[in-house]
Amino acid sequence: MQKKILVALHKSYPTPPQELYLPVQAGAAVGEDFGAQRDDSGDNISALNPYFCELTALYWAWKNLDCDYIGLVHYRRYFVGKLKFCINGNCISVLSQKEADRLLSRTDVILPKKRNYYIETLYSHYAHTMYVEPLDEAGRIIDELYPAYSKEFARLKKRRSAHMFNMLVMKKSVLNEYCTWLFDILFKLKDRIDVSQYDDFHARFFGRVSELLLDVWINTNRIKYCEVKMRYTEHVNWAQKGARFLRAKFGHKKYEASDNR
């Protein structure tokens, strides 16, 4: 069974030394080539990367990659495992081929451990930190086109945890069903929301909305999955992140930029 986990990149960066991992330049159509697999061949949406983020790499793989299992991680975020590799002298351990084989022999889907938002719901967190109109419009699209998912979408206002970061590994048949649903909603959202009203940071809302839609799809379809811990490849300033969150929640100050990119 052939498996590939895409590592979404927007610059040259070390990636794990195993054939399981495929470094992909997300947004190759609008960026300078740095030698990784480009996401602008075949059927692709590479030019939408400034808005869709790593989803342009996922779309490329869905449409063009002939594998039994396809996954997506980010150059700064990986599933934890026993495969060691080093980045600028910092050695980390990520999911190995052997570990992926073992997990996928028991399930069709691997997801990261849920992220918990202890003091607010998924919806309120999004509304405090981002402009909530695109998320609300996604809900209306679901009501119109996929009403069977409306109840689970509404639960975003009650749930306090989710599988975030657009990280996943899925059997190709499962990925096909998920991506057909997801990109149909996102393309409808693109037709309804004018991205020019937002700055470059907030115009990337398609990638953020999709993070919350994953569990809407997973839970509605009762997809069985296993969870694996996620780890960052770079230092995270948790004090800074906490301060930004508090300014957003209590000071009504939207996020202005990613911590790093």
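Predicted model: local features only at pLDDT ≥ 70, side-chain atom pairs only at ≥ 80, totals over all residues.

Q: OK, and how many bridges join β5 to β6, and do they run parallel or antiparallel?

A: They run antiparallel, with 6 bridges joining β5 (residues 77-87) to β6 (residues 90-94).

Q: What do β5 and β6 form, and how many residues are between them?

A: They form a hairpin with 2 residues between them. Asn-88 is in that turn, with a positive phi of about 50 degrees.

Q: Is Asn-88 buried or exposed?

A: Asn-88 counts as exposed because its relative accessibility is 77%, and the cut-off for exposed is over 50%.

Q: Which other residue has a positive phi although it is not a glycine?

A: Arg-222, also at about 50 degrees. Most residues other than glycine have a negative phi. Arg-222 is in the loop between α8 (205-220) and β11 (226-228), and it's exposed, with a relative accessible area of 74%.

Q: Switching topic: which residues form the positive surface patch?

A: Lys-82, Lys-98, Arg-102 and Arg-106. Lys-82 lies in strand β5, while Lys-98 is in helix α3 (residues 97-104).

Q: Lys-98 and Lys-82, then: what are the accessibility values?

A: Lys-98 is exposed, at 70% relative accessible area, and Lys-82 counts as exposed at 69%.

Q: How far apart are Lys-82 and Leu-103 in space?

A: They're 13 Å apart, C-alpha to C-alpha, and 21 residues apart in sequence.

Methods: Residues numbered from 1 in each chain as written. Heavy atoms only, no water. Pairing = 2+ DSSP bridges. Helix = DSSP H or I, 4+ residues; strand = E, 2+ residues; numbered from the N terminus. Patch = residues over 30% accessible without salt bridge, like charges linked within 9 Å, V, L, I, M, F, W, Y side chains within 5 Å. Areas by Shrake-Rupley, 256 points an atom, 1.4 Å probe, with all protein chains shown as cover. Salt bridge = Lys/Arg side-chain N within 4 Å of Asp/Glu carboxyl O. Lys, Arg positive; Asp, Glu negative; His and termini not counted. Charge placed at Lys NZ, Arg CZ, Asp CG, Glu CD. Buried < 20%, exposed > 50% of the residue type's maximum accessible area, 1.4 Å probe, protein only.
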